[in-house]
Amino acid sequence: MAKRLAWETDKRLLWKAVYQAGWKGLRSVQKHKKRLKKGEFFPPFLYISIINSCNLRCQGCWVDVSAKQTKIDIAALNRTVNEAKAMGNAFFGILGGEPFLHKELLDFLEGQPDAYFQVFTNGHFITDEVAKRLRKMGNVTPLISVEGSEIVSDERRGRADVLNQTMQGIQNCLNNKVLTGVCTSICRTNIDDLLHQRWVDALIEMGVMYCWFHVYRPMGPEPMPELALNPEQLRRVRQFVVDTRATKPIVVIDAYHDGAGQALCPAATGFTHHVGPAGDIEPCPIIQLATESIYDERPLKETFNNSEFLRDFRELAAEHTRGCVVLERPDLLVELAKKHNARDTTQRKTSIAELEATVPRRSQYVPGGEIPERSWAVRFAKWIAFNDFGTYTQHFKAENWVDPENVATQPPAGKLQLPVVTKDR
């Protein structure tokens with residue numbers, strides 16, 4: 001990996017990534033730890049969905065991509081990022097919809113030279129001209145999604161010729177030596193094609209510097225649970241990530257486990273929260289409920305520190321599972337929304353009904369089946385910068401965990417019934 005960084009990168013861009021995302025990002029985590037000790041809170045990393053519109057229609061998408069366009073204007077974006085930077089933040093995730101459909105995106109990124117941005121994109125709008133501008137900025141890494149072979153990509157993304165356009169976007173970035181990543185939402189139709197060493201080798205050969213294997217989460221108005229992975233496949237993904245980290249010269253991102261292989265949720269630990277395209281402040285991108293907004297009159301510092309909704313979410317999620325509370329206990333989110341009178345942040349206004357219809361299933365939490373990191377460097381890095389920050393030590397109670405695979409058919413009196421999930425679902 002060191003050899004690849006030395007020979008294949010633009011050193012100015014590499015330095016910006018190391019300093020702004022690495023060093024300053026690490027400092028933001030340390031400030032987060034200090035705040036927690038004082039009983040204060042502000043997430044060290046923010047996801048910001050800047051627009052809802054998208055040119056694709058992906059299976060299982062939870063964003064209102066075909067609804068009336070909603071976006072965060074550049075003034076609000078700058079204000080939000082500047083307030084977060086004042087708290088020590090330096091690294092931001094930019095999402096959509098498709099972020100490059102936001103006409104002010106490049107101007108916004110260019111106007112924040114002391115911050116670093118990871119832009120989640122399908123790559124279709126990254127022309128050679130755009131890639132040249134990204135290289136000139138130096139503070140942006142595009143994370144471009146590839147969802148399978150040509151046939152699978154067209155099926156997964158709801159359009160024709162998706163893969164070729166995506167690969168061209170990747171190549172435009174690589175031709176201009178932009179630090180580029182490739183991500184995949186692993187599901188049943190692409191797991192055999194992309195969760196494979198030959199795919200990783202192909203990425204390395206192309207010049208891609210990092211990859212990210214998300215796990216498909218059946219959410220939204222058309223969740224398509226038949227695409228979700230079973231427990232054996234979830235373990236297969238985790239083992240593949242650990243092995244690839246230890247054996248291949250490419251960075252593999254993982255946001256759901258600490259160095260010992262213990263499961264965690266970045267939203268439950270407070271590592272990150274999400275801002276939606278209408279400015280709503282949500283626990284994470286797939287939980288479309290909120291009680292606060294970036295447009296509220298009080299400063300963002302006060303909003304995050306004083307939000308009872310977000311605080312109750314973190315504690316409620318951490319009390320019941322180390323995994324994804326959305327997948328395992330959607331009933332808890334329904335109760336939380338009712339308790340705080342949280343608003344539905346979707347345009348379709350069906351997020352509560354979608355949660356009520358969600359069939360609980362296993363997520364990354366597998367008691368007794370933890371797979372620790374093989375790489376000492378990854379274990380050390382996670383020990384310093386990515387762990388539960390004491391959240392589960394303080395709140396998690398093993399007796400509260402309900403295994404979605406072994407839910408009783410008759411729930412306790414007064415409890416919302418959880419449907420039984422069989423192992424092959």
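**Entry 1: cysteines.** A disulfide is a pair of cysteine sulfur atoms within 2.5 Å. With that cut-off I searched the whole structure and found zero disulfides. I looked up Cys173, which is in no disulfide, and its nearest cysteine sulfur, that of Cys183, is 13 Å away. Cys173 counts as buried because its relative accessibility is 0%; buried means under 20% relative accessible area, exposed over 50% and partly exposed in between, with a 1.4 Å probe and protein chains only. Cys284 is in no disulfide either, and the sulfur of Cys265, the nearest one, lies 6.4 Å from it. Cys284 has a relative accessibility of 16%, so I noted it as buried.

**Entry 2: what I am working with.** I must remember that this is a predicted model, in which local features need pLDDT of at least 70 and side-chain atom pairs count only at pLDDT 80 or more, while totals for chains, interfaces and linings use all residues. Residues are numbered from 1 along each chain as its sequence is written, and side-chain values use heavy atoms, with hydrogens and water left out.

**Entry 3: nonpolar cores.** I took a nonpolar core to be a set of buried Ala, Val, Leu, Ile, Met, Phe, Trp, Tyr and Cys residues joined through side-chain atoms within 4.5 Å. The largest one has 108 residues, and the members that touch the most others are Ile48, Leu109, Phe213 and Val326. Apart from this core lies another, of five residues, which include Cys54, Val63, Val65 and Val162. I then followed Phe213, using contact in the sense of heavy atoms within 4.5 Å. When neighbours within four places in sequence are left aside, the contacts of Phe213 include Ile186, Leu194, Trp199, Phe240 and Val252.

**Entry 4: aromatic rings.** Rings of Phe, Tyr and Trp (its six-membered ring) pair if their centres lie within 6.5 Å, and planes under 30 degrees apart count as stacked, over 60 as edge-to-face and the rest as tilted. My search of the whole structure gave 17 aromatic pairs. One of them joins Phe42 and Phe304, which are edge-to-face, with 5.0 Å from centre to centre and 70 degrees between the planes. These two are 262 residues apart, since Phe42 is in the loop between α2 (11–37) and β1 (45–49), whereas Phe304 is in helix α11 (residues 300–306). Here helices (H or I, at least four residues) and strands (E, at least two) are DSSP runs, numbered from the N terminus. I found both Phe42 and Phe304 to be buried. Phe45 and Tyr47 also form an edge-to-face pair, because their ring planes stand at 90 degrees, with the centres 4.9 Å apart. Ring pairs link these two into a cluster whose members include Phe91, Trp212 and Phe389.

**Entry 5: charges over rings.** A charge sits over a ring if NZ of Lys or CZ of Arg is within 6 Å of the ring centre and within 35 degrees of the ring normal. I noted the charged end of Arg217 over the ring of Tyr256, 4.7 Å from its centre, and that of Arg314 over the ring of Phe41, 3.6 Å from the centre.

Entry 6: Asp312 is in helix α12 (residues 308–320), and I counted it as buried because its relative accessibility is 19%. Its side chain makes a polar contact of 2.9 Å with the side chain of Lys339; such a contact is a pair of N or O atoms within 3.5 Å, where within protein one must be able to donate a hydrogen and the other to accept it, and residues adjacent in sequence count only if both atoms are side-chain atoms. Beyond residues up to four places away in sequence, Asp312 touches Leu336, Lys339 and His340. Looking next at helix α14 (residues 330–340), I found eight of its 11 residues buried. Among the elements that cover these buried residues are α12 and β10 (289–290).

**Entry 7: backbone angles.** Most residues other than glycine have a negative phi, and most peptide bonds are trans. Asn341, which follows α14, has a positive phi, near 55 degrees, and I noted it as exposed because its relative accessible area is 67%. Met224 also has a positive phi, near 50 degrees, and its place is in the loop between β6 (210–215) and α10 (231–247). Finally, I recorded a cis peptide bond between Gly96 and Gly97, with omega about 10 degrees.
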